[in-house]
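Trainee: Could you take me through the nonpolar core of this one, slowly and in one go?

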Amino acid sequence: MRADDVREAVRAGGLLPRDRPLVAMLSGGRDSVCLLDVAMALCGPGAVSALHVNYGLRQQADDEERHCVALCGQLGVALEVVREKGLELPQGGAPAGSGSGSGSGGGNLQAWAREVRYGAAARMAERCDALIATGHTASDQVETILYRLAASPGRRALQGMAAADGRLIRPLLGVTRDETRAYCEARGLGWCEDESNDSQRYARARVRHGLVGALRAVHPAAEANVLRTAALLREETELLEELVSAELAGRRDIAIARLEEMPAALARLVVVRLAEDATGAYVPQAGDRVAEILALHRRGGSAELHVGGQAGAVIEGGVLSMKRLPPRRD
């Protein structure tokens, strides 16, 4: 894919606006460098600004900041740099309390870094009513789906990252990591390599270098097939969500007699929706408790059942509703 083809693929996605400011999150890696240059080409130089967060956790952090400053100077982009020194590095090299990067994908460290950068981006975007663009690619999407397949239950986990979510947009989801590399090389744009991306301490790196490679060996179109499956699931989910909405008709409860009549799959989806409406969080495991809910109803009287997360099922008067439970204390 040539540089012009990358730009056309992003343009066809329709996420980059010409009538609204844009904050591009710039790490200095090739994906974010590609994003910034494409955004400048499609949105116009006056509409785009960049944000770089220096966490101060790696020896290369200051070099990456200097690279971003130089790049934005080259492209004529206003850059805001946030320096965050909130976690101290002990002698072992990993931030205290960060964990070692096991199945959680880096533990507290990655969660902290994500909170810092998205919080900074939100504050910057609010000042000028801007959208926030990240450099997530199709390659990242494949890794996200595979990681969630292993770590998270429920259909929604397999749909991957949304192309747009409120202010947040991901314009490069139709472009692979190899294509962002080729784009930067064709445009003569330098980037920084983050060695932690190859560290086996992190679950994402293990997926990237182990699982994706193994699937590619099974079939050369494995990544494209994962992405196509996710796209089909997103389309089918829209239909399923419409069925659930029609069943509930704006209510926050359901007659248990009606729940018992439903096909098992629809009953699961209805219970999950009620739990999500009550708690504000996706609780896929709630769908596994339908049989218990029906059994409690048959016993007669009122009953309550914890169905996962902070969701509690309330069975009263032949009606099922959900309530938000207080956080559990360890």
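Mentor: By nonpolar core I mean a set of buried Ala, Val, Leu, Ile, Met, Phe, Trp, Tyr and Cys residues joined through side-chain atoms within 4.5 Å, with buried meaning under 20% relative accessible area, exposed over 50% and partly exposed in between (1.4 Å probe, protein chains only). Keep in mind that this is a predicted model, where local features need pLDDT of at least 70 and side-chain atom pairs count only at pLDDT 80 or more, while totals for chains, interfaces and linings use all residues. Residues are numbered from 1 along each chain as its sequence is written, and side-chain values use heavy atoms, with hydrogens and water left out.

Now, the largest nonpolar core holds 32 residues, and L16, L22, L26, L36, V38, V48 and V77 have the most contacts inside it. Two or more residues each come from α1 (3-13), β1 (22-25), α2 (30-43), β2 (48-54), α3 (61-75), β4 (131-133) and α6 (177-187); these are DSSP runs numbered from the N terminus, helices being H or I with at least four residues and strands E with at least two. Helix α2 gives the largest share, nine residues. Zoom in on V38: leaving aside residues up to four places away in sequence, V38 touches V6, R7, V10, L16 and Y183, a contact being heavy atoms within 4.5 Å. Apart from this core lies another, of 27 residues, including V270, L296, I315 and L320.

As for confidence, the chain's mean pLDDT (the predictor's confidence in each residue, from 0 to 100) is 89, and 91% of its residues reach 70 or more. Over residues 88-105, though, pLDDT is below 50. Where pLDDT is low, the predicted coordinates should not be read in detail.
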